Amino acid sequence: MLEKTYIMVKPDGVKRGLVGEIIRRIEAKGYKIVDLRLMRPNRELVEKHYDVHKDKPFFGELVDFISDSEVVGMVVEGEDVITVLRNMIGDKNPAIAASGTIRGDYANSLTKNIIHGSDSAETAEREISIWF
Ligand SMILES: Nc1nc2c(ncn2[C@@H]2O[C@H](COP(=O)(O)OP(=O)(O)O)[C@@H](O)[C@H]2O)c(=O)[nH]1
Ligand SMILES: [Mg+2]
């Protein structure tokens, strides 16, 4: 199915100069970037994005990390793009993320794990409307 997903290079990915590598992998897979923006999101926006995690113990640390820092948000379109990019991103835990995935190759921290990708069609629609 032709879908759209929200992908975000987190502040650690931007600081480490991984924006180009991430875009390269997305394009090499054959997906199309249909919107892209460099942003410094305020707390309110980041809290809304991670609303599902608001009762988790790591919520404050996560929001602190993303807020008022440069991130690159993009909308990516393609066949089954939501699932395929989640697979290319890899597990959130760098100790588990497989080599060859973005997190497996570049992440070394559970909070600072380089990249976000929507996990379902409903989430993708919600996140795209929040960020774009
Ligand atoms: N410090 C910490 N951060 C976490 C933990 N679980 C998730 N996170 C962070 O919160 C983000 C969202 O979590 P989740 O939706 O479960 O993972 P994702 O969809 O793969 O990004 C992750 O990418 C991490 O940055 C945790 O147990 N500890
Ligand atoms: Mg998630």
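**Stop one: the pocket lining**

By class, 6 nonpolar, 8 polar and 9 charged residues line the largest pocket. This is a predicted model, with local features needing pLDDT of at least 70 and side-chain atom pairs counting only at pLDDT 80 or more, while totals for chains, interfaces and linings use all residues. Residues are numbered from 1 along each chain as its sequence is written, chains are lettered from A and ligands numbered from 1 in the order written, and side-chain values use heavy atoms, leaving out hydrogens and water.

Select Tyr-50, His-53, Arg-86, Lys-92 and His-116: of the 23 lining residues, these lie nearest the centre of the largest pocket. Next, colour helix H5 (81-89), strand S4 (115-117) and helix H7 (121-131), each of which supplies at least two lining residues. H7 gives the most, with 3.

**Stop two: ligand 1**

What takes up the space of the largest pocket? Ligand 1 does. Show its neighbours (a heavy atom within 4 Å): among them are Tyr-50, His-53, Phe-58, Glu-61 and Asn-113. That shell divides into 4 nonpolar, 3 polar and 5 charged residues (Ala, Val, Leu, Ile, Met, Phe, Trp, Tyr, Cys and Pro count as nonpolar, Asp, Glu, Lys and Arg as charged, the others as polar).

**Stop three: distances**

Now draw some distances from ligand 1 to side-chain N or O atoms. One of its oxygen atoms is 2.9 Å from Lys-10, and an oxygen atom is 2.8 Å from Arg-86. A nitrogen atom of ligand 1 is 2.7 Å from Thr-111. The protein covers 82% of the 540 Å² of accessible area (Shrake-Rupley, 1.4 Å probe) that ligand 1 has on its own.

Terms used
Polar contact = N/O pair within 3.5 Å; in protein donor to acceptor, adjacent residues only side chain to side chain. 1 Å grid on protein atoms, 1.4 Å probe; cavity = no way out; pocket = protein on both sides within 12 Å on 5 of 7 lines; lining within 4 Å. Sits in = over half its atoms within 2 Å of the grid points. Helix = DSSP H or I, 4+ residues; strand = E, 2+ residues; numbered from the N terminus.
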